[in-house]
Each structure stands twice: as structure tokens, then as C-alpha cells.
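Trainee: I'm new to this one. Where do we start?

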Amino acid sequence: MAFAVFYGLLLILSWNQVVSRTPDGRTVLAFWHTYGDEETSILKEIITEWEKKPENAGWAIRAIRLPFDGHKPKLRTALTVGLGPDMARVDWSFVAELARKNSTVDLSEFGFDKIKDQYVPGPLQTNFIDGKYQGFPEQTNCLALYYNKTMFRKAGLDPDRPPKTWDEFIEMGKKLTNSDKGIFAFGMDNSVWFSLPFFNTFGAKLISGDGTKCLLNSEEAVKAIQLKADLFLTHKIEAGAWRAGGTTPEQGFQNQLYAMILSGPWNLPKFINSKIDFGIGLIPAGPKGTSSNVGGNNAVIFKSSKYPKACYDFLVYFTSPEVQARWCQKLSQIPVNMKAYDLVKFEDKNLNVFLEQMKTTVGNPVVTSFEMLENVVNPELEAILTGQKTASEAMRDACLKVETKVLTQ
Amino acid sequence: MKNMSPIRIVGFVALLAVLMTISVGIFGQLLKFGTMVVVSFTHQPVVNPKFPPASDLKAFQQIINKFFEAYNSSDPGNTIEHLSSSSTLEKTKEAFASGFVKRYQNDFGLSLSGTVNKEESFVQDSSLGAKIVYRTIFDKEKKGNADFEFVREGEVWKLKTVDFTRLRTTMDKSGKFVQGAAFSISYLIIVVVILKWLKTPVARRYDFLKMLFLYEALVIGVVVVMFPFFWMFSTAFKASGTELIFNEKNPFDIVPNEPTINNFKRVLKMDPEQEAQTDPIEKKNNFSTYFVNSLLVATTAAFFVTLLSAMAAYVFSKKELPYKNALFGFLLATMMIPGLMFMVPQFFMICKMGLCGTKLAMFLPHLASVFGVFMLKQFMDTIPSSLLEAARIDGASEWQVFSVVIIPLAMPIILTLFLLTFLFHWSNFLWQLIVTDFANPLSITLPVGLALFRGQYTSEIGQIMSASCFSIVPIAVLFLIAQKYFIEGMTQGAVKE
């Protein structure tokens with residue numbers, strides 16, 4: 001009886017008339033995205049502006065928010081069944097899979113080659129799959145060096161001068177480390193993506209341009225990974241934050257245990273809330289200068305869409321300098337459009353370091369499944385740090401696995 | 001019989017000490033938590049502490065200047081152009097200033113008094129001159145930390161900037177009262193226990209000790225079990241960006257010092273900004289909608305799964321039909337195939353039926369539960385057939401046999417199945433994600449809705465935790481209700497053949 005009453009109540013509570021949102025005879029373009037609350041509200045403004053332009057009178061864009069955590073399975077199943085959207089914002093690493101499964105539209109048919117030079121090279125390159133541009137860079141970020149000024153002062157270092165080169169990094173690191181107290185100069189993640197800044201400052205490529213050969217065992221790559229391992233093994237300035245169950249770099253930095261970490265602009269507001277006195281520096285330079293990796297998202301148009309041209313027009317507008325500048329100014333993000341760099345003015349000096357760092361990025365390795373690459377290579381990276389293998393052995397083994405498991409996909 | 005055994009006394013005192021530690025710990029944290037909840041409503045965390053008023057600064061500058069004049073005259077050839085200091089903020093300006101001056105005097109050897117933690121302070125050379133920096137560790141009593149920067153302009157030193165990094169919070173101020181209250185309660189308990197001990201006849205004091213020990217052990221067990229929940233509730237009150245910061249000295253002290261109620265407000269969409277939302281669909285796009293949706297989906301699914309499984313299990317257990325065992329074996333064999341394999345075909349079929357994005361789609365493919373049938377059949381096999389025969393002789397119909405005899409006897413296992421199914425659907429992320437129509441918030445369920453709080457690189461841990469505070473409620477309630485039936489069912493079903 002109680003159950004019946006409870007259930008009846010539930011039914012009443014969940015009884016809602018579904019309000020239809022299809023507007024006034026305009027053609028609806030579905031845009032699946034994974035933005036947060038603030039971003040979604042600005043996206044709506046931009047969509048309304050675009051729809052109001054006279055040439056776009058016939059279109060209506062319906063922005064639909066998905067959780068980032070589930071956007072890949074959701075898109076995979078929806079596309080398999082033919083219920084996918086017209087366009088979507090996806091993780092940068094997902095573009096290669098979608099393109100190779102023949103789901104995305106090659107942008108060159110709409111004249112993308114003419115406008116592609118306006119985009120920042122690093123993020124743009126993540127859309128360049130097998131000789132074709134398959135998506136727009138849409139939101140981007142990269143890693144840079146966060147350092148704790150208070151800890152720098154305490155170690156007698158100038159708090160306004162982060163290390164410029166890896167040698168300097170090691171030298172300063174030794175001053176900052178006090179392992180008896182559990183204080184270390186550096187805390188690092190040990191995944192492929194987080195290791196890319198090391199590879200890139202040594203000019204090492206992971207996968208050859210045509211996507212057929214693994215170059216992890218090249219001389220530069222081994223040197224880069226050797227340096228990374230030495231921070232922990234030889235110089236002992238790294239805390240072992242990569243270990244399972246270790247204090248993560250972020251947490252160590254917030255609790256003032258690690259003086260320096262590599263992290264992205266997404267942590268700026270967080271760390272400000274944590275009330276730490278911190279600064280941002282460029283990634284220390286290697287033989288090929290400073291460089292970083294590329295994160296963020298790209299926007300793709302699906303072949304199942306009936307109106308790819310309209311989607312293309314919207315995405316061009318969305319990534320245009322003015323719109324990008326406004327978007328980034330409001331949200332404190334890094335523009336994907338080079339021309340937008342002159343239009344944004346950030347008061348936060350730290351964010352400007354990220355803008356500078358972004359221009360030094362060279363793009364990420366293109367593989368169908370970046371997750372698979374991580375799964376295959378990460379254990380080898382860890383084997384170096386735990387001393388089970390030397391850098392060259394591990395990279396040789398990693399290459400074998402990559403060529404059989406990742407590049408054949 | 002001896003009236004006092006020394007061992008017994010020692011045991012009692014030891015247990016009292018343990019009791020004291022436990023109760024101070026528990027009541028301290030619980031009272032702090034209670035205070036924190038109140039404070040979270042009344043005081044918002046200080047994001048940007050205010051610059052002190054100009055009059056205060058002037059008074060402060062005069063005190064400092066006196067010292068610097070003395071310092072300059074004692075060492076005329078000094079090259080220091082720039083001084084910065086970071087020091088603890090005391091209650092009054094004068095107290096702070098004199099403490100501050102003392103530290104400088106101490107450092108320059110002008111005076112012998114004053115204390116400074118040498119390890120935390122240092123002098124640094126730079127191209128401009130010397131820079132003196134003090135660092136003060138935050139501790140429980142002195143949370144204030146201010147950075148001062150002085151620049152020399154001609155003959156006088158001018159205060160350039162004051163930067164407060166952390167202030168004494170309302171929680172700190174109430175800390176002493178909370179601690180005092182925790183101690184008083186603990187003393188009260190100790191007194192009560194001692195009185196009881198004195199009242200207990202000497203012969204039964206050994207039993208009393210045993211009981212006391214048992215209760216203390218149980219309380220420790222409860223603390224261990226409840227700690228994660230306590231952690232969750234506490235984290236829900238932490239401001240964004242501070243969730244992972246812990247007390248350096250006592251990592252178990254997890255109640256935030258600067259609590260905020262904003263996480264709950266954001267989750268329930270009670271922010272003023274969000275209330276301005278005019279779109280009727282977006283207005284529905286909030287946690288309470290997800291919650292009701294999930295409750296409906298999970299309850300319906302659990303009810304029908306249990307009903308269908310019970311009926312099927314009854315037939316497999318008590319009825320004769322050709323190839324019964326082979327059929328049952330075949331059903332069991334389907335359990336060997338991982339459920340993920342069906343996902344895409346099931347999704348395809350559901351969409352072909354036109355059910356995509358409806359609540360029905362969330363549980364329809366899971367209604368036939370082989371596991372449920374198996375579990376109930378195994379239990380029903382143990383119900384004696386003679387009971388059914390007796391019912392039939394009394395003139396019961398087939399349905400009556402099922403509903404009057406089988407269901408009440410199998411209630412414990414039926415409730416277990418109900419719980420398991422409820423839990424499965426309450427937290428079934430992947431399938432619900434796939435069939436959800438995100439354009440229509442009325443189809444978003446809790447596990448999927450919770451995922452919306454996670455971004456690509458960052459998670460709003462505080463918001464996830466505050467949402468989780470609500471999401472455990474139905475499960476907790478269900479367990480509490482079911483617990484009663486479990487015990488009832490156990491005793492009622494005890495029949496000997």
C-alpha cells in the first residue's frame with residue numbers, strides 16, 4: 001500500500017508535458033557539445049547572433065550538452081544507428097577515429113584551405129588526418145610550468161624567474177627539494193600526453209608523418225625520456241607523483257609539497273582559490289627550444305548531416321577572430337585563431353604565458369586511438385622510472401607494441 | 001570475594017581513556033561539522049580580503065618608520081632599498097606592529113628580545129638590494145598571514161603593498177567553543193560511566209567491563225564505516241579549488257575552515273543567475289529533475305523485474321513442464337555473454353520502436369533478468385512443496401498459491417533482488433547515457449546528470465559531492481526499510497519439513 005502511494009506520487013512528480021522546441025519552420029542543425037555552464041550560456045549568445053544574420057535566416061542551431069565523460073560512446077552508438085547530430089565538439093584525439101571510420105566531412109570541399117592559415121598551428125594539426133582537414137580547432141590549451149613563488153623564496157631563488165632550460169630546472173630543483181620533509185621540486189604525470197612537452201622540446205616525433213612508423217626509439221625521443229626519468233632516478237627532484245596512490249601533482253601543488261608542476265590553464269582559477277602564491281613559466285627549453293603539447297577540442301561535421309555547408313558556415317563564424325576573442329576574453333581561454341591573439345587583453349599575466357606557450361606547440365601524434373597509444377606506451381614509461389628497463393630498451397619495446405597494436409587499427 | 005581487583009581497575013581506567021579519546025574525537029568533529037553547516041549559511045569564504053582602511057595604514061606606517069629611522073642611523077652605509085615582509089596578523093594592529101618590529105630588530109641584532117623562526121625567514125640578495133622575507137606557517141590559532149612590501153623614498157620608508165593571504169575565519173573563532181563543548185560532553189559521558197560503574201555490584205563489574213569494551217569496539221567500527229560518508233558531507237561544503245587541501249598537522253580534520261553553501265545551490269540551480277533562466281526546458285535541467293527521473297526508472301524497473309522473476313522462478317521451481325531443466329540451462333547460458341555486447345543492437349531496436357530518449361527505454365531491455373530468476377528459483381526450491389499442497393487442499397487457486405504462500409515466504413530474497421535491481425538502475429551510467437536524449441532534460445537520469453559536473457580536465461569535486469549527498473538518500477532509506485523485512489522474513493520462513 002505504502003509502495004503504491006509512493007509510486008503514485010512519483011508518477012505525478014515526473015509527469016511533465018514535453019515542450020517542443022522546433023522553431024517556426026527553420027531547419028534544425030543539431031550541435032552536440034560538452035561545454036560547462038558558463039560556456040553554454042555564451043555559446044547560446046553566439047548561436048543567436050549567427051541565426052539573426054540575414055543570410056542564415058533559414059537555419060536554427062540546437063545546442064545539446066553531453067557530459068564530457070560519455071561523449072565518445074554516445075557518439076559512437078548514435079552514429080552507428082544513424083541518429084547522430086549534424087556537428088559535434090569532440091576531444092582532439094577523437095577526430096582521427098571518426099575520420100578513419102569515415103564519419104566526418106573533409107573540409108577542403110568547402111574551401112577550408114583558404115582560411116586554415118588563420119588557426120594556431122598546433123591545434124590545427126590535430127585535425128589533419130591522412131592528408132585531409134577533418135575538423136576545426138575549436139578550443140585549445142597546452143601545458144606550461146606552474147611554480148610556487150613562496151617555495152622559491154624559501155629556497156633563496158628569485159620568485160620572478162622560473163627555470164628557462166632543463167639544466168637550470170635541475171639545478172633549481174636541487175635547491176627546492178627537501179625530501180626529508182616530503183617537499184620536492186617537481187611532481188609529474190607519466191602518461192604519453194603529459195610527456196609530450198619533453199619529447200617536443202627535444203624535437204622528437206612519436207609517429208611518422210604518414211602514420212605508418214613508430215619513432216619512439218629515435219635518438220631524440222630516447223634522450224627526452226631519459227631526461228624525464230633522470231629527474232626522478234638520478235637527480236631525485238621529482239616526488240614520484242606518477243605512482244599509483246601517490247599524491248597527484250595538482251594535489252601536491254595545492255598543499256605546497258611540490259614546487260613545480262606541468263599543468264594547463266584550466267587550473268588557474270582553482271589555484272587562485274587555493275590561495276597559493278604561484279607563477280607560470282614556459283616549459284624549460286631543450287635542444288629544440290621550448291615547446292608544449294596540445295589539448296582541447298575540435299569541432300567536426302558528420303557525413304550523415306544533410307546540410308554540411310550550413311554547419312561549416314557556423315563553425316567558421318564560431319572560430320572567427322572576433323567571436324574567438326570575445327569567447328576567450330569572457331572565459332579566460334586560449335584563442336584558436338591567430339588573429340584573435342591581438343584582440344584579447346588579459347589582465348592575468350599567467351594566462352598570457354599560456355598564450356605565448358601555445359604558439360610554440362607543434363601538434364600531437366595522429367593515431368586512430370590515442371587511448372590505445374597511452375595504454376601501450378604508459379607501462380613502458382613506468383618501467384623506466386621503476387628501473388626495470390633502460391630508456392632505450394623500453395622505447396624499443398614500446399615501438400614494437402605500437403606498430404602491432406596501435407598503427408594497425 | 002575480594003572487593004577490588006587491581007587488574008579490573010586498570011582495565012576500567014584504560015577503557016575510560018579510550019572512551020575519552022573517541023568521544024572527544026567524534027564530538028569534536030561532529031560539533032565542528034554542525035558549526036560549519038551554520039557558518040556556511042551565514043558567512044561566505046573570503047575570496048579577496050579587503051585592503052585595510054587608509055587611517056590604519058598611516059598609523060602602522062608611523063610605527064614602522066620609527067624603527068627604520070633607528071635602523072638607518074645605526075648603519076648609515078646600508079644599501080637596502082626594498083624590504084618586504086610576511087608576518088602573522090595578530091588581533092590588534094599595535095600588537096602586530098611591535099611583534100613585527102621585534103623580529104626585524106632581532107634579525108639585525110639591534111635587540112635581544114623577540115622570537116623568530118630562523119628557518120622560515122631569510123635574507124636574499126638581488127641586483128636592487130637586499131630583500132628580507134618572512135614566512136609564517138599557518139597554524140590553528142593564527143591563520144592570518146600578511147605580506148608587506150616597503151620601498152625607500154629618500155629618507156623614509158613607505159609601505160607599498162599589503163597582501164593578506166589568509167584571514168582568521170569564523171570557524172577559527174568558534175573553534176575554541178566547539179572544542180570546549182566536545183570536552184564537556186565527553187566529561188559528562190565519563191562521569192555517567194563512572195557513576196554506573198560505582199552502582200554496579202562488584203560481582204558484575206567484570207561483565208560491565210566486557211560490555212564497555214564491546215561498545216567501544218563497536219563505536220570504532222561505526223567510525224571507520226561512516227568516515228567516508230562524513231568526508232563526502234564535509235567536502236560538499238568546501239569551496240571550489242580547496243577540496244584537495246588538507247590540514248597539514250591532522251589529515252583527519254576534514255571539516256573545511258571556510259565553508260560555503262554554494263555547491264548545493266549550484267547543484268539545485270538556486271543561484272540567482274540561474275533563476276533568471278527563461279527557457280522552460282532549461283529550467284527543468286537541474287538536479288531535482290534528474291533525481292525524480294532516476295527514482296522513477298529505478299523503482300519501476302525493480303518492481304517489474306522482481307515480479308517477473310518471481311513468476312518465472314515459481315514455474316521453474318514448482319511446476320512440471322517438458323524440457324524444464326534444459327530450458328533453464330539455456331537461460332543460464334545467456335548470462336555468459338557480457339551485457340555490453342548487446343548494447344548497440346538493443347539501442348537500435350529501442351530506437352526502431354520509437355522509444356529513444358524515453359524513460360521506458362532506460363529499463364525495458366533489462367526487465368528480463370536471468371540472474372533474478374536464478375536467484376529466486378534457488379530460494380523457492382527450499383520452500384517445501386507440502387505447503388503448496390496444503391494450500392491447494394484448502395481450495396487456493398494457482399494465483400493464490402503464488403501470492404499467499406510463495407511470495408510471503410520468499411520475501412527476504414525478493415527484497416534482496418529488489419534492492420539489487422534498484423541499485424543497478426540507480427547507477428547504470430552507460431546504457432542510460434546512450435539512450436538519453438540530451439535535448440530533453442526530462443530524460444536525463446542521475447548517473448548521467450552527475451557526469452555533467454565533470455569537465456575534460458577538471459571536476460567540480462565539491463558539486464559532485466553535494467549531489468552525491470542527495471543521491472545516497474534513497475538507497476539508505478531502502479536499506480533501512482528492507483532490513484526490518486529481512487529479519488521478519490527469516491523468522492517467519494523457518495518451517496521444518
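Mentor: With one term. Helices (H or I, at least four residues) and strands (E, at least two) are DSSP runs, numbered from the N terminus. The model is predicted: local features need pLDDT of at least 70, side-chain atom pairs need pLDDT 80 or more, totals for chains, interfaces and linings use all residues, and side-chain values use heavy atoms, without hydrogens and water. Residues are numbered from 1 along each chain as written, with chains lettered from A and ligands numbered from 1 in written order.

Trainee: OK, how many helices and strands does chain A have?

Mentor: Chain A has 17 helices and eleven strands. Its C-alpha atoms fill a box of roughly 70 × 55 × 55 Å along the principal axes.

Trainee: What follows α9(A)?

Mentor: A:Gly203 does, and its phi is positive, near 70 degrees.

Trainee: And α9(A) itself, why is it largely enclosed?

Mentor: Helix α9 of chain A covers residues 192-201, and ten of the ten are buried, so the rest of the structure largely encloses it. Buried means under 20% relative accessible area (exposed is over 50%, partly exposed in between; 1.4 Å probe, protein chains only). Among the buried residues are A:Trp193, A:Phe194, A:Phe198 and A:Phe199. A:Ser195, A:Asn200 and A:Thr201 are on that list too.

Trainee: What covers the buried residues of α9(A)?

Mentor: The cover includes helices α8 (166-176), α10 (219-233) and α16 (370-385) of chain A. Strands β8 (184-187), β9 (258-263) and β11 (295-301) of chain A take part as well.

Trainee: How much of chain A is buried overall?

Mentor: Of its 409 residues, 58% count as buried. As for contacts (heavy atoms within 4.5 Å), take those in chain A with a separation of 6 or more: residues 24 or more positions apart account for 73% of them.

Trainee: New topic. Which strands form the open sheet in chain A, and in what order?

Mentor: Five strands form it, in the order β2-β1-β3-β11-β6, and the pairing is mixed. Strands pair when DSSP finds at least two bridges between them. The edge strands are β2 (59-65) and β6 (136-141) of chain A, each pairing on one side only. The twist averages 20 degrees from one strand to the next.

Trainee: How many bridges join β1(A) to β2(A)?

Mentor: Seven, and the two strands run parallel; β1 of chain A spans residues 27-33. A:Ala30 stands opposite A:Arg62 in β2(A).

Trainee: Which strands does α2(A) lie across?

Mentor: Helix α2 (residues 37-52) of chain A lies across β1, β2 and β6 of chain A, at about 175 degrees to β2(A). Helix α3 (residues 71-81) of chain A also packs on the sheet. There, α3(A) touches β1 and β3 (87-91) of chain A, and its direction makes about 140 degrees with that of β3(A). Angles run from 0 to 180 degrees between N-to-C directions; axes are fitted to C-alpha atoms, for helices over the stretch in contact.

Trainee: What does A:Ile276 touch?

Mentor: Leaving out residues up to four places away in sequence, A:Ile276 touches A:Asn148, A:Phe253, A:Gln254, A:Gln256 and A:Phe271. From A:Val81, A:Ile276 is 195 residues away in sequence and 49 Å away in space, C-alpha to C-alpha.

Trainee: Last one, chain B. At what angle do α9(B) and α16(B) pack?

Mentor: Helix α9 (residues 287-318) and helix α16 (residues 411-426) of chain B pack at about 140 degrees, with their axes 8 Å apart. Residues that meet there include B:Phe291, B:Leu295 and B:Phe303 in α9(B), and B:Leu417, B:Phe418 and B:Trp426 in α16(B).
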